[in-house]
Amino acid sequence: MIEGALWRKWVFFYIPLAFFLVFLLFPFYWMVITSFRPDGELYRPWNSVNYNPFWTWKPTLDHIRYLFEETLFASWLWNTTFIALMSTAISLVCGVFAGYALSRLSFPFAGSLGTGIFITYLVPQTLLFIPLAEIIRNYHLGDTPWSLILTYPTFLIPFCTWLMMGYFKAVPKELEECARIDGASRWQAMIHIVIPVAIPGILSAGIFAFTLSWNEFIYALVFLSSPGQKTVPVGVTSELIRGDVFFWGPLMAGALLGSIPVAVAYSFFVEHYVSGLTGSVKG
Amino acid sequence: MSQVIIRNANKKFGDVHAVKDVNLQIRDQEFMVFVGPSGCGKTTTLRMVAGLEAITSGDILIGDRVVNELPPMDRDIAMVFQNYALYPHMSVYDNMAFGLKMRKFDRAEIAARVKRAAEILDIGALLERKPRQLSGGQRQRVALGRAIVRDPKVFLFDEPLSNLDAKLRVQMRSEIRKLHRRLSATSVFVTHDQVEAMTLADRLVVMNGGRVEQVGTPAEVYSRPASRFVATFVGAPAMNMLEGTVTLDGLSLLGDSRKLNVSRTGLAVGAKVAVGIRPEAVRMVAPGTPGALAATVDLIEELGAGRVIYVDLDGAPFSIVTSETVHPEPGSTVGLQFAERDLHFFSAETGGRLDVFKASVPEPAL
């Protein structure tokens, strides 16, 4: 019986798990290995004698050096960080207050307003960038970080609001009532009690918003044009693919360096983030 | 003086009339308990006193002041919630100090008050802990502590014991009683548990369907229930009820299958009534005893000190509480006897009490 169980465990658990792991992690592995392979190996034809696509014996930092010396990668990184942080901050502030209001205050049309905000999140960016481009031009914001800082909230605020609404609904109403009996105004009860209790939810909303704006592509492609203003996703793809020539080494190195901050943000907050997703508030 | 007066209070949630014309006077230093089944409006009434629900019509006075429009923070009340509502991100000390900080007490005064409350409740060692590190009973104490540090005019308790296990509940019950004796503050306590209500209350308010059914001391409510609802709600096991008609020489019960001789009912012959008898007022006698009702034994619940015997009167359930060492066999026939003064009469239509033996019913002695 126990042997049978072991056999089952391998077939139904470990082997599928291994398959999934390989499937999910292989692209990442490919990115890492390509970033450190010398060009000689990268462009070697598949039928040559020493063709070995999965490993290298001569790792090199040339591609990373190339990124920082021959391209504006450092400014792209800075631009992306600045834009992502600013738009996340704006969206979080608006989303937290809007989410609180929609979940706790009873005012006419609160329900339909909540649904309306969710629907704006469903409008595809590929449609929205056309009117937004017009607005950006009219306000002379084109080719500045502000063109993105002010447009990213169009999809980040609905997202944060919706997430925070759900989270605030999970915070027991009695906490706030008790605070109000204790002598706090509604505003004080929110600042001292409800928001601190909702910190895990705010963190998860923040991480999601940060990731969304870090990886955003289409607005950045449309609203920014000079190389020094670009963000990492746009900079890497527009400056390292020239015509039909792909500079695979620097491309992958750029992708690797670009994904590190997001990975760090995730792992740093992962504990809060998970409890935020599962929405656990214990009284 | 901090009495609470509720005058013609009504509460409507849309089409639902949750509280109907409630009139109450809670005296200074009194421990008043609202009791009733869920949905009877007791919690809503409490929340109206707290200011957490607006009053649809009527007045609520705390002290001598109408507080209808006053926000909760200005009513000088403290409330203990069913789920304790401790602030999870604050230590026990900060939980207790929060209300004082909001009211701008100075640090030394806050520290002194928290320390004193912690001593009263025996939670001095827990002040640095977070609520999630406490047991249910400890959380309950912190919630009480948070209420008493403020020294409010009125304490409001919203089913604070129902999340505790049975043993702890009994213990906290007596502690709340002692605490009230020590602080002698006006208190309103909401519960659905009639034992809790009887043991804690100076006076009880029995509510049903948004209305007040009876107000009185536990002894009054027990011995002279004002309605059929109160009679069956207060006391465990519940009061036995038999439907019947008044006849010339007494009562005809259960569709004429049983006769009961009652010397004088004072009721019109032919009137439909419900007769109530407390299980503890029933005596079991040999079957066939003159004047006794015949019944079949269904089930016996042993309680150690006594036993509850469930019998069947032609389908009508009936229970007897006895401390005598009798163990009738299930299925056997027994006779039931009771004194006339232990009978309670209620109108079959309205459920209201019919006071036929007013003169002979002794004033409550409990």
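**Reading the two chains**

Modeller: Among contacts in chain B between residues at least 6 apart in sequence, 64% join residues at least 24 apart. Two residues are in contact if their C-beta atoms, placed from the backbone, lie within 7 Å. This is a predicted model, in which local features need pLDDT of at least 70 and side-chain atom pairs count only at pLDDT 80 or more, while totals for chains, interfaces and linings use all residues. Residues are numbered from 1 along each chain as its sequence is written, and chains are lettered from A and ligands numbered from 1 in the order in which they are written.

Biologist: What does the secondary structure of chain B come to?

Modeller: Helices (H or I, at least four residues) and strands (E, at least two) are DSSP runs, numbered from the N terminus. Chain B has eight helices and 21 strands. Its C-alpha atoms fill a box of roughly 75 × 45 × 35 Å along the principal axes.

Biologist: How is chain B divided into domains?

Modeller: Domain bounds come from an automatic or database domain assignment. In chain B, domain 1 covers 4-229 and domain 2 covers 230-354. Taken over C-alpha atoms, the centres of domain 1 and domain 2 of chain B are separated by 38 Å. Where these domains touch, domain 1 of chain B supplies 12 residues and domain 2 of chain B supplies 14 residues. On the domain 1 side, the elements giving two or more residues are α6 (194-200), β10 (211-216), α7 (218-223) and α8 (228-233) of chain B. That side of domain 1 of chain B has seven nonpolar, three polar and two charged residues. For these classes, Ala, Val, Leu, Ile, Met, Phe, Trp, Tyr, Cys and Pro count as nonpolar, Asp, Glu, Lys and Arg as charged, and the others, Gly among them, as polar.

Biologist: And how is chain A divided?

Modeller: Chain A has domain 1 (1-60) and domain 2 (70-278). Their C-alpha centres lie 34 Å apart. The contact between them takes seven residues from domain 1 of chain A and six residues from domain 2 of chain A. On the domain 1 side, α1 (2-35) and α2 (39-42) of chain A each give two or more residues, and α1(A) gives the most, with four residues.

Biologist: How many residues does each chain bring to the contact between chain A and chain B?

Modeller: An interface can be described in several ways. The size of an interface is often given as the accessible area lost when the parts come together. Here we may count residues: chain B brings 21 residues and chain A brings 17 residues. In chain B, β6 (77-80) and α2 (92-102) are the elements that give two or more residues to the side touching chain A. The residues on that side of chain B are 16 nonpolar, three polar and two charged.

Biologist: Which residues of α3(B) are buried, and which are exposed?

Modeller: A residue is buried if 20 or more other C-beta atoms lie within 10 Å of its own, exposed if 12 or fewer, and partly exposed in between. An α-helix has 3.6 residues a turn, so residues three or four places apart point the same way. In α3(B), Arg113(B), Val114(B), Ala117(B), Ala118(B) and Leu121(B) are buried. These residues lie on the same side of α3(B) because they cover an arc of only 135° around the axis, an arc taken from the directions from the helix axis to the C-beta atoms. On the other side of α3(B), Ala108(B), Glu109(B), Ala112(B) and Glu119(B) are exposed. The cover over the buried residues of α3(B) includes α2 and α4 (136-148) of chain B.

Biologist: Which residues have the most contacts inside the largest nonpolar core?

Modeller: A nonpolar core is a set of buried Ala, Val, Leu, Ile, Met, Phe, Trp, Tyr and Cys residues joined through C-beta atoms within 7 Å. The largest has 144 residues, and those with the most contacts inside it are Cys160(A), Val194(A), Val33(B), Met79(B), Leu156(B), Val188(B) and Val206(B). Helix α8 (residues 153-170) of chain A gives the most to this core, with 11 residues.

Biologist: Is Phe345(B) buried or exposed?

Modeller: Phe345(B), in strand β20 of chain B, is buried because 24 other C-beta atoms lie within 10 Å. By contrast, Phe338(B) counts as partly exposed, with 19 C-beta neighbours inside 10 Å.
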